[in-house]
Amino acid sequence: MEHIPVLLKETLDILKPQDGERVLDCTFGGGGHSRAILDSANCYVCAIDRDPDAERRALEVKQLYGKRFDFIHTNFSQISDLFREQQKFDAVLFDFGISSFQIDDAERGFSFSKDAILDMRMSKDGISAYDVINKFSEQELADIIWTYGNEPRSRQIAYKITKARSVAPIKTTLQLANIVRKTAKSPSTIKKYSKIDAATKTFQAIRIFVNDELREIKEALETLPKLLNNGAKIVTIAFHALEDRVESTFKICSFTWILV
Ligand SMILES: C[S@@+](CC[C@H](N)C(=O)[O-])C[C@H]1O[C@@H](n2cnc3c(N)ncnc32)[C@H](O)[C@@H]1O
(Lines give C-alpha, C1' and ligand atoms only; values in the text may rest on other atoms or scores of the structure.)
Protein backbone atom coordinates (compact mmCIF):
# COMPACT_ATOMS: atom_id res chain seq x y z
CA MET A 1 0.00 0.00 0.00
CA GLU A 2 1.15 3.54 -0.79
CA HIS A 3 1.86 6.05 2.01
CA ILE A 4 -0.03 9.26 1.28
CA PRO A 5 2.06 12.18 2.55
CA VAL A 6 0.09 14.24 5.05
CA LEU A 7 -0.20 18.03 4.87
CA LEU A 8 1.78 18.01 1.65
CA LYS A 9 0.53 21.32 0.29
CA GLU A 10 1.01 23.07 3.66
CA THR A 11 4.52 21.63 3.96
CA LEU A 12 5.53 22.82 0.48
CA ASP A 13 3.93 26.23 1.07
CA ILE A 14 6.17 26.75 4.09
CA LEU A 15 9.38 25.10 2.91
CA LYS A 16 9.07 26.74 -0.54
CA PRO A 17 12.00 24.79 -1.98
CA GLN A 18 14.09 26.83 -4.45
CA ASP A 19 16.49 25.79 -7.20
CA GLY A 20 19.93 25.05 -5.76
CA GLU A 21 18.70 24.69 -2.16
CA ARG A 22 19.58 21.80 0.16
CA VAL A 23 16.66 20.12 1.95
CA LEU A 24 16.86 17.56 4.78
CA ASP A 25 13.93 15.11 5.10
CA CYS A 26 14.49 13.48 8.50
CA THR A 27 11.62 10.98 8.14
CA PHE A 28 11.74 9.52 4.61
CA GLY A 29 9.12 6.75 5.16
CA GLY A 30 7.63 6.08 1.73
CA GLY A 31 9.34 9.13 0.27
CA GLY A 32 6.15 11.03 -0.56
CA HIS A 33 7.38 14.34 0.86
CA SER A 34 10.90 13.87 -0.53
CA ARG A 35 9.58 13.25 -4.04
CA ALA A 36 7.22 16.24 -3.91
CA ILE A 37 10.06 18.50 -2.76
CA LEU A 38 12.32 17.21 -5.55
CA ASP A 39 9.52 17.83 -8.08
CA SER A 40 8.83 21.35 -6.86
CA ALA A 41 12.30 22.79 -7.56
CA ASN A 42 15.72 21.83 -8.89
CA CYS A 43 16.92 21.30 -5.33
CA TYR A 44 18.91 18.60 -3.48
CA VAL A 45 17.24 16.36 -0.85
CA CYS A 46 19.06 14.26 1.73
CA ALA A 47 16.62 11.87 3.43
CA ILE A 48 17.02 9.88 6.64
CA ASP A 49 15.08 7.00 8.12
CA ARG A 50 15.88 4.59 10.96
CA ASP A 51 13.87 1.78 9.34
CA PRO A 52 16.06 -0.53 7.23
CA ASP A 53 13.02 -1.22 4.98
CA ALA A 54 12.96 2.45 3.92
CA GLU A 55 16.31 1.95 2.15
CA ARG A 56 14.73 -0.11 -0.64
CA ARG A 57 12.15 2.60 -1.32
CA ALA A 58 14.89 5.24 -1.23
CA LEU A 59 16.79 3.35 -3.94
CA GLU A 60 13.85 3.89 -6.29
CA VAL A 61 13.97 7.63 -5.59
CA LYS A 62 17.74 7.64 -6.14
CA GLN A 63 17.23 6.01 -9.54
CA LEU A 64 14.77 8.73 -10.53
CA TYR A 65 16.57 11.80 -9.20
CA GLY A 66 20.25 10.75 -9.29
CA LYS A 67 22.68 13.24 -7.71
CA ARG A 68 19.82 15.39 -6.43
CA PHE A 69 18.95 12.75 -3.80
CA ASP A 70 20.76 10.78 -1.11
CA PHE A 71 19.51 8.50 1.64
CA ILE A 72 21.12 7.76 5.00
CA HIS A 73 19.89 4.91 7.16
CA THR A 74 20.15 6.28 10.68
CA ASN A 75 18.22 7.82 13.56
CA PHE A 76 17.54 11.54 13.26
CA SER A 77 19.00 12.06 16.75
CA GLN A 78 22.37 11.45 15.02
CA ILE A 79 22.09 14.24 12.43
CA SER A 80 24.76 16.46 13.94
CA ASP A 81 27.41 13.78 13.22
CA LEU A 82 26.44 13.37 9.57
CA PHE A 83 27.27 16.61 7.83
CA ARG A 84 30.31 18.88 7.51
CA GLU A 85 30.34 22.67 7.96
CA GLN A 86 29.79 23.33 4.22
CA GLN A 87 26.85 20.91 4.05
CA LYS A 88 24.23 23.03 5.83
CA PHE A 89 20.55 22.98 4.89
CA ASP A 90 18.00 25.57 3.75
CA ALA A 91 14.93 23.55 4.75
CA VAL A 92 14.25 20.63 7.11
CA LEU A 93 11.22 18.39 7.46
CA PHE A 94 10.19 16.01 10.25
CA ASP A 95 6.99 13.96 9.80
CA PHE A 96 6.95 12.13 13.14
CA GLY A 97 5.49 8.72 13.90
CA ILE A 98 5.19 5.58 11.80
CA SER A 99 4.39 5.15 8.12
CA SER A 100 1.55 3.12 6.67
CA PHE A 101 4.20 0.69 5.35
CA GLN A 102 5.09 -0.10 8.95
CA ILE A 103 1.46 -0.36 10.08
CA ASP A 104 0.39 -2.44 7.07
CA ASP A 105 3.24 -4.95 7.37
CA ALA A 106 1.67 -7.20 10.05
CA GLU A 107 5.04 -8.78 10.85
CA ARG A 108 6.35 -5.49 12.23
CA GLY A 109 3.92 -5.99 15.13
CA PHE A 110 2.67 -2.37 15.28
CA SER A 111 -0.98 -2.94 14.50
CA PHE A 112 -3.78 -4.11 16.80
CA SER A 113 -5.91 -5.08 13.84
CA LYS A 114 -3.54 -7.73 12.47
CA ASP A 115 -2.18 -10.64 14.48
CA ALA A 116 1.62 -10.82 14.68
CA ILE A 117 4.41 -11.23 17.22
CA LEU A 118 4.62 -8.06 19.35
CA ASP A 119 7.58 -6.09 17.99
CA MET A 120 7.07 -2.36 17.15
CA ARG A 121 10.79 -1.62 16.60
CA MET A 122 11.21 0.90 13.79
CA SER A 123 14.95 0.20 13.60
CA LYS A 124 14.46 -3.58 13.95
CA ASP A 125 16.88 -3.62 16.90
CA GLY A 126 16.84 -3.03 20.66
CA ILE A 127 14.11 -4.06 23.06
CA SER A 128 10.82 -5.05 21.49
CA ALA A 129 7.21 -4.62 22.57
CA TYR A 130 7.30 -8.32 23.53
CA ASP A 131 10.12 -7.61 26.04
CA VAL A 132 8.28 -4.64 27.54
CA ILE A 133 4.95 -6.43 27.87
CA ASN A 134 6.41 -9.65 29.29
CA LYS A 135 9.39 -8.46 31.36
CA PHE A 136 8.56 -5.04 32.81
CA SER A 137 6.96 -4.75 36.26
CA GLU A 138 3.29 -3.88 36.68
CA GLN A 139 4.31 -0.42 37.97
CA GLU A 140 6.62 0.21 35.00
CA LEU A 141 3.91 -0.84 32.55
CA ALA A 142 1.33 1.39 34.22
CA ASP A 143 3.73 4.35 34.08
CA ILE A 144 4.54 3.78 30.38
CA ILE A 145 0.88 3.44 29.42
CA TRP A 146 -0.02 6.57 31.35
CA THR A 147 2.96 8.72 30.34
CA TYR A 148 3.05 7.92 26.62
CA GLY A 149 -0.58 6.97 26.03
CA ASN A 150 -2.38 9.22 28.48
CA GLU A 151 -4.58 6.19 29.08
CA PRO A 152 -6.84 6.73 32.14
CA ARG A 153 -7.10 2.96 32.68
CA SER A 154 -3.32 2.49 32.71
CA ARG A 155 -3.21 0.81 36.13
CA GLN A 156 -6.02 -1.67 35.40
CA ILE A 157 -4.46 -2.49 32.03
CA ALA A 158 -1.03 -3.07 33.61
CA TYR A 159 -2.64 -5.32 36.21
CA LYS A 160 -4.47 -7.35 33.56
CA ILE A 161 -1.29 -7.70 31.49
CA THR A 162 0.72 -9.05 34.43
CA LYS A 163 -2.15 -11.39 35.38
CA ALA A 164 -2.40 -12.78 31.85
CA ARG A 165 1.35 -13.26 31.41
CA SER A 166 1.60 -15.15 34.72
CA VAL A 167 -0.30 -17.93 32.91
CA ALA A 168 1.60 -17.72 29.59
CA PRO A 169 3.66 -15.04 27.78
CA ILE A 170 1.65 -12.50 25.79
CA LYS A 171 3.11 -13.09 22.37
CA THR A 172 0.96 -11.35 19.82
CA THR A 173 -0.63 -8.01 19.01
CA LEU A 174 -4.15 -9.41 19.13
CA GLN A 175 -3.56 -11.07 22.51
CA LEU A 176 -2.47 -7.71 23.91
CA ALA A 177 -5.25 -5.79 22.16
CA ASN A 178 -7.90 -8.14 23.57
CA ILE A 179 -6.55 -7.84 27.13
CA VAL A 180 -6.65 -4.04 26.83
CA ARG A 181 -10.11 -3.99 25.24
CA LYS A 182 -11.52 -6.16 28.05
CA THR A 183 -10.42 -3.67 30.70
CA ALA A 184 -12.73 -1.03 29.22
CA LYS A 185 -15.53 -0.56 31.76
CA SER A 186 -18.20 -0.96 29.16
CA PRO A 187 -16.91 -1.92 25.72
CA SER A 188 -20.35 -1.35 24.20
CA THR A 189 -20.45 2.23 25.53
CA ILE A 190 -16.96 2.94 24.24
CA LYS A 191 -17.80 1.56 20.81
CA LYS A 192 -21.01 3.55 20.66
CA TYR A 193 -19.38 6.90 21.34
CA SER A 194 -15.94 6.44 19.84
CA LYS A 195 -14.65 5.12 16.56
CA ILE A 196 -11.24 4.76 18.15
CA ASP A 197 -10.25 1.24 19.22
CA ALA A 198 -9.87 0.88 23.00
CA ALA A 199 -6.33 -0.49 22.42
CA THR A 200 -5.12 2.64 20.59
CA LYS A 201 -3.60 4.52 23.52
CA THR A 202 -1.84 1.50 24.96
CA PHE A 203 -0.33 0.55 21.60
CA GLN A 204 0.79 4.15 21.05
CA ALA A 205 2.41 4.21 24.50
CA ILE A 206 4.33 0.97 24.05
CA ARG A 207 5.51 2.05 20.58
CA ILE A 208 6.75 5.45 21.79
CA PHE A 209 8.60 3.79 24.66
CA VAL A 210 10.14 1.00 22.54
CA ASN A 211 11.47 3.52 20.00
CA ASP A 212 12.40 6.19 22.57
CA GLU A 213 10.57 8.58 20.27
CA LEU A 214 10.45 11.69 22.46
CA ARG A 215 14.18 11.60 23.25
CA GLU A 216 14.88 11.22 19.51
CA ILE A 217 12.88 14.39 18.78
CA LYS A 218 14.46 16.39 21.60
CA GLU A 219 18.03 15.47 20.62
CA ALA A 220 17.45 16.16 16.92
CA LEU A 221 15.89 19.58 17.55
CA GLU A 222 18.62 20.54 20.00
CA THR A 223 21.41 19.91 17.50
CA LEU A 224 19.56 21.07 14.39
CA PRO A 225 20.59 24.77 14.49
CA LYS A 226 24.22 23.78 13.76
CA LEU A 227 23.09 22.36 10.43
CA LEU A 228 21.07 25.33 9.20
CA ASN A 229 21.90 28.11 6.77
CA ASN A 230 20.65 31.59 7.66
CA GLY A 231 16.91 31.87 7.09
CA ALA A 232 16.41 28.09 6.96
CA LYS A 233 12.86 26.81 7.34
CA ILE A 234 11.83 23.87 9.53
CA VAL A 235 8.51 22.04 9.37
CA THR A 236 7.49 19.37 11.85
CA ILE A 237 4.33 17.31 11.50
CA ALA A 238 3.23 15.84 14.81
CA PHE A 239 0.56 13.25 15.37
CA HIS A 240 -0.11 13.77 19.06
CA ALA A 241 0.38 16.27 21.88
CA LEU A 242 3.45 14.53 23.33
CA GLU A 243 5.45 15.20 20.15
CA ASP A 244 3.99 18.67 19.93
CA ARG A 245 5.02 19.46 23.52
CA VAL A 246 8.67 18.55 22.87
CA GLU A 247 8.88 20.60 19.68
CA SER A 248 6.98 23.62 21.05
CA THR A 249 9.94 24.38 23.29
CA PHE A 250 11.98 24.97 20.12
CA LYS A 251 9.57 27.56 18.64
CA ILE A 252 9.44 26.12 15.15
CA CYS A 253 6.62 25.86 12.67
CA SER A 254 4.63 22.75 13.53
CA PHE A 255 1.39 21.08 12.58
CA THR A 256 -0.43 18.59 14.74
CA TRP A 257 -2.94 16.44 12.97
CA ILE A 258 -5.56 14.39 14.70
CA LEU A 259 -6.88 10.98 13.71
CA VAL A 260 -10.68 11.07 13.52
C1 LIG B 1 5.07 9.29 9.18
S2 LIG B 1 6.38 8.44 8.42
C3 LIG B 1 7.00 9.56 7.24
C4 LIG B 1 6.30 9.48 5.92
C5 LIG B 1 6.95 10.32 4.86
N6 LIG B 1 6.91 11.74 5.15
C7 LIG B 1 6.30 10.06 3.51
O8 LIG B 1 5.89 11.00 2.83
O9 LIG B 1 6.22 8.89 3.12
C10 LIG B 1 7.65 8.51 9.64
C11 LIG B 1 8.93 7.82 9.24
O12 LIG B 1 9.94 8.32 10.11
C13 LIG B 1 10.76 7.27 10.52
N14 LIG B 1 11.29 7.63 11.83
C15 LIG B 1 10.60 7.75 12.98
N16 LIG B 1 11.43 8.10 13.97
C17 LIG B 1 12.66 8.23 13.42
C18 LIG B 1 13.94 8.58 13.94
N19 LIG B 1 14.11 8.85 15.23
N20 LIG B 1 15.00 8.63 13.10
C21 LIG B 1 14.83 8.36 11.77
N22 LIG B 1 13.65 7.99 11.22
C23 LIG B 1 12.57 7.94 12.04
C24 LIG B 1 9.87 6.05 10.57
O25 LIG B 1 10.63 4.87 10.42
C26 LIG B 1 8.91 6.31 9.39
O27 LIG B 1 9.39 5.69 8.22
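In this predicted model, a polar side-chain atom of D49 lies 2.7 Å from an oxygen atom of the ligand. The ligand taken alone exposes 600 Å², of which the protein buries 98%.

| Residue | Protein atom | Ligand atom | Separation |
|---|---|---|---|
| D49 | polar side-chain atom | oxygen | 2.7 Å |

The shell around the ligand consists of 24 residues, and the closest of them are H33, D49, F76, D95 and E216. By residue class, this shell divides into seven nonpolar, 12 polar and five charged residues.

D49 also belongs to strand β2, which spans residues 44-49 and pairs with β1 in the parallel sense over four bridges. Within this pairing, V23 has V45 of β2 as its bridge partner.

The cysteines can be considered next. A search of the whole structure finds zero disulfides. C46 is accordingly in no disulfide, and the nearest cysteine sulfur, that of C26, is 8.5 Å away, whereas a disulfide would require the two sulfur atoms to be within 2.5 Å. C46 is buried, with a relative accessible area of 1%, and C43, at 2% relative accessibility, counts as buried as well.

Several residues other than glycine carry a positive phi angle. K16, in the loop between α1 (8-15) and β1, has a phi near 40 degrees, and with a relative accessible area of 49% this lysine is partly exposed, because the exposed class begins only over 50%. K124 is placed in the loop between α4 (100-104) and α5 (129-135); its phi is positive, at about 60 degrees, although K124 is not a glycine, and at 40% relative accessibility K124 counts as partly exposed. A positive phi, near 50 degrees, is also found at D212, which follows helix α10.

Helix α10 itself, made up of residues 200-210, is largely enclosed by the rest of the structure, because eight of its 11 residues are buried. The buried residues in α10 are T202, F203, Q204, A205, I206, R207, I208 and V210, a set that includes the charged residue R207.

A contrasting case is G231, which is located in strand β5 (residues 228-238) and, at 69% relative accessibility, counts as exposed. The C-alpha atom of G231 is separated by 8.9 Å from that of A91, although the two residues are 140 residues apart along the chain.

Key. Residues numbered from 1 in each chain as written. Predicted model: local features only at pLDDT ≥ 70, side-chain atom pairs only at ≥ 80, totals over all residues. Heavy atoms only, no water. Buried < 20%, exposed > 50% of the residue type's maximum accessible area, 1.4 Å probe, protein only. Near = heavy atom within 4 Å. Polar contact = N/O pair within 3.5 Å; in protein donor to acceptor, adjacent residues only side chain to side chain. Areas by Shrake-Rupley, 256 points an atom, 1.4 Å probe, with all protein chains shown as cover. Pairing = 2+ DSSP bridges. Helix = DSSP H or I, 4+ residues; strand = E, 2+ residues; numbered from the N terminus.
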